[in-house]
Amino acid sequence: MSDLLILNGRVVDPSSNVDDPRDVLLRDGRIAGVEKPGAFADLREAEVLDAKGCVVAPGFIDVHVHLREPGQGHKETIATGTRAAAAGGFTTVVAMPNTMPVNDSVDVLRWMLSPERNAVIHVLAMPAATVGSAGEEQTDFTALAEAGAVGFTDDGKPILQPNMMRAALMRAGELGLPISQHAEDPGLSHGAIMNHGAVAFRLGLRGYPGVAEYSIVERDINLVRDIVAKHPGIRPHLHVQHVSTGRALEAIRRAKSEGLHVTCEAAPHHFTLTDEAVGDYDTNAKMNPPLRAEEDRRAVIAALLDGTVDCIATDHAPHARWEKEVEFDRAPNGITGLETALGLALRMLHRENGLSLARVVSLMSTQPAQLIGLSDRGTLRVGADADVVAFDPAAEWTFRAAQSRSKSKNTPFDGAGMLGRVRVTICSGRIVHRG
Amino acid sequence: MESAPLHFPYAAGCLLTVEHLPVAGVAEILASTSRLEQMDAAERAAVLAGRTIALLFYESSTRTRTSFELAAKSLGATTTLVSDKSSSIEKGESLKDTGLTLRALGAEAIVLRHPSSGAPFLLARTTGLPVLNAGDGMHQHPTQALLDLRTMLSRLPGLGVDAAIHAKTLDGVTVVITGDIRHSRVARSNAMLLSRLGARVVLCGPPELLPDEALGMGAVELERDFDVALRQANVAMMLRIQKERLAGTTLDLGEYIARYQLSLERYRTVARAGTTVMHPGPIIRGLEITGEMADAPESVIEEQVTQGLAVRRAVLARALGVHV
């Protein structure tokens with residue numbers, strides 16, 4: 001493979017605390033050099049990308065996406081979903097297992113990861129923690145880990161039984177992998193349609209109280225603490241998905257300060273919107289966990305600023321238009337998110353709340369890479385995978401759902417203002433998106 | 001924070017929620033209600049002659065369905081009734097497709113009753129037709145609020161059905177709404193409409209049926225003690241306990257009856273003289289209200305039904321763009 005040179009950019013690599021003008025050389029799918037401007041001037045054979053005005057950063061990593069294959073190709077395919085991801089600057093995504101059939105076996109996992117799916121970026125997967133995500137019987141963690149699993153989750157549903165969750169945390173902990181938990185006690189959220197509160201009351205929709213989330217988060221933290229106390233050789237890793245309430249974040253903050261291996265993610269919609277966005281029953285503002293009240297939105301931002309949140313994850317959840325064009329209470333949960341993540345993160349976190357560009361990049365690449373143990377990604381260190389994004393951090397633009405690369409257009413951000421535009425996405429040294 | 005986009009993708013003539021209805025719109029509807037009432041039958045039958053209105057009912061209904069149907073027919077319109085029990089809805093046809101089918105068959109407006117809150121918004125967006133919300137889930141029942149308003153006006157001293165409608169029309173009037181507020185579209189519609197016309201709206205009930213979030217509706221007060229509330233009422237509106245929706249709550253019906261039932265005895269000992277008793281129906285005699293109270297002269301439950309017919313004529317004419 002020929003050389004690819006990225007010149008004149010501002011390299012932001014949180015893994016090495018670099019935030020300086022640098023030229024980057026990619027060779028044979030690896031980072032071959034990051035040097036002061038002009039250092040590669042004698043490389044005449046290389047293909048050159050001019051990144052003037054752009055931040056050059058490690059490609060983004062999303063630990064929580066729904067690519068819908070196998071089984072629901074009318075919503076998204078691995079091919080279309082990864083193109084949307086590339087357009088958003090992502091070079092690695094982690095597919096959730098709520099496919100049809102559920103990704104609970106080595107066969108399904110291999111099918112998803114196969115080159116025949118025509119992914120344009122790296123696809124990884126977290127298979128189900130229990131068979132069929134039914135919560136009854138643990139899947140074969142060892143075999144799945146050998147086949148490439150980067151964690152286990154029954155996403156969409158919590159691992160509800162405390163014994164099952166405890167066993168999953170222990171077994172995954174022995175393998176050095178996280179249990180990624182959708183924290184929801186269905187006994188408290190039964191029949192709930194949107195966030196509990198004044199807006200839900202006014203709209204006559206059943207409310208989903210915050211306690212349904214934080215009670216499970218608190219329980220899981222107690223399980224981690226208990227395992228650590230009784231089994232000093234095991235280091236269980238609890239990862240809490242899409243945290244939406246201040247109280248759950250507070251529990252995670254305390255767990256981290258205790259030294260427990262508890263991580264969490266925040267979704268762009270939860271730090272951008274509140275339950276008011278449901279408006280007159282816009283099903284593109286319906287997801288699980290739901291958009292919350294303003295104080296929760298502020299709590300998510302505070303937790304991103306103070307480091308409680310480990311990464312930004314989109315929970316990209318495509319649904320066909322006809323599936324969303326139904327009564328609000330019958331509409332499926334979820335919105336797309338891969339192409340709006342950077343634009344919202346820069347607008348809401350960087351510009352409005354003063355989070356540095358390096359911290360935004362870290363939340364979108366370096367930290368999620370560490371979270372799932374990818375030592376060669378989320379970094380521009382020499383020898384690492386040549387997964388790079390170049391984005392213009394000052395570009396203001398308007399997102400148009402109709403232009404999305406995703407097969408589905410279910411987003412509340414159609415027409416929303418974005419800050420920061422991806423110009424080039426490079427995966428394994430190949431250009432996979434130009435914007 | 002993102003603000004909701006400003007757009008109104010609904011046909012003029014829609015009546016989806018009282019929140020969309022400006023005070024001037026309320027005044028217009030009540031004025032045309034009176035004008036239609038004063039017409040003779042033949043003149044009325046010409047108002048919507050040759051027009052087609054579909055009634056789409058996904059929930060059972062006696063009062064609302066019959067009064068919409070009679071109102072439309074009295075204006076000369078052709079009506080067609082589609083219910084979920086005897087149509088392709090049973091075969092899984094979506095609300096959008098059902099609406100498009102009715103539109104293709106010539107319906108110029110659709111009256112919708114649906115168990116899902118917000119369903120009329122979906123129907124109005126997907127068909128582009130004027131949609132009249134005849135009750136959606138726990139959300140709204142706008143014509144009920146309008147007919148309740150007209151009933152109140154007819155009873156309140158110094159007002160009358162042709163009283164001028166503005167933001168102070170109901171100044172000094174206390175309306176106490178008691179019962180299952182949580183599940184009640186009638187309560188939401190009335191609370192929002194009456195408070196905008198100057199009424200003091202007091203909501204009354206136990207926390208299981210009246211959560212604190214109700215205060216989020218705006219200008220309303222909460223009172224847990226029915227006697228305290230009733231003592232202040234010019235209008236006491238009682239609501240049915242929706243037994244089918246009580247699953248999972250801890251409400252004790254015996255205790256509820258003791259604390260919140262409106263009996264003639266309670267009325268006579270607590271309420272001030274002349275307090276009007278209302279109920280949107282259906283009544284469960286012996287639960288939220290006793291039979292004697294429902295049948296007493298202070299109760300205007302039947303007049304509410306009659307006013308429903310009158311008000312629905314006006315909103316149907318408005319839906320089809322006919323100014324009366």
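**Notes on chains A and B**

1. Helices are DSSP runs of H or I with at least four residues, strands are E runs of at least two, and both are numbered from the N terminus.

2. Before going on, bear in mind that this is a predicted model: local features need pLDDT of at least 70, side-chain atom pairs count only at pLDDT 80 or more, and totals for chains, interfaces and linings use all residues. Residues are numbered from 1 along each chain as its sequence is written, while chains are lettered from A and ligands numbered from 1 in the order in which they are written.

3. Which residues of helix 4 of chain A are buried? They are A:Met165, A:Ala168, A:Leu169, A:Arg171, A:Ala172 and A:Gly173. (Buried takes 20 or more other C-beta atoms within 10 Å of the residue's own, with C-beta atoms placed from the backbone; exposed is 12 or fewer, partly exposed in between.) Their packing partners in chain A are helix 3 (141–146), strand 9 (179–181), helix 7 (211–230) and strand 12 (238–240). Contact means C-beta atoms, placed from the backbone, within 7 Å. After the helix comes A:Gly176, with a positive phi near 75 degrees.

4. You'll find 13 helices and 17 strands in it, and 61% of its 435 residues are buried. Of the contacts between residues at least 6 apart in sequence, 75% join residues at least 24 apart.

5. Helix 4 of chain B (residues 95–104) has B:Leu95, B:Thr98, B:Gly99 and B:Leu102 as its buried residues. Looking down the helix axis, these fall within an arc of 100 degrees, so they line one face; the arc is that of the directions from the axis to the C-beta atoms. They pack against strand 1 (52–57), strand 2 (78–83), strand 3 (109–114) and helix 5 (119–127) of chain B. Just past this helix, B:Gly106 has a positive phi of about 105 degrees.

6. Last, where the chains meet: 24 residues of chain A and 24 residues of chain B take part in the contact. On the chain A side, helix 6 (residues 198–203) gives the largest share, four residues.

Terms used. Two residues are in contact if their C-beta atoms, placed from the backbone, lie within 7 Å.
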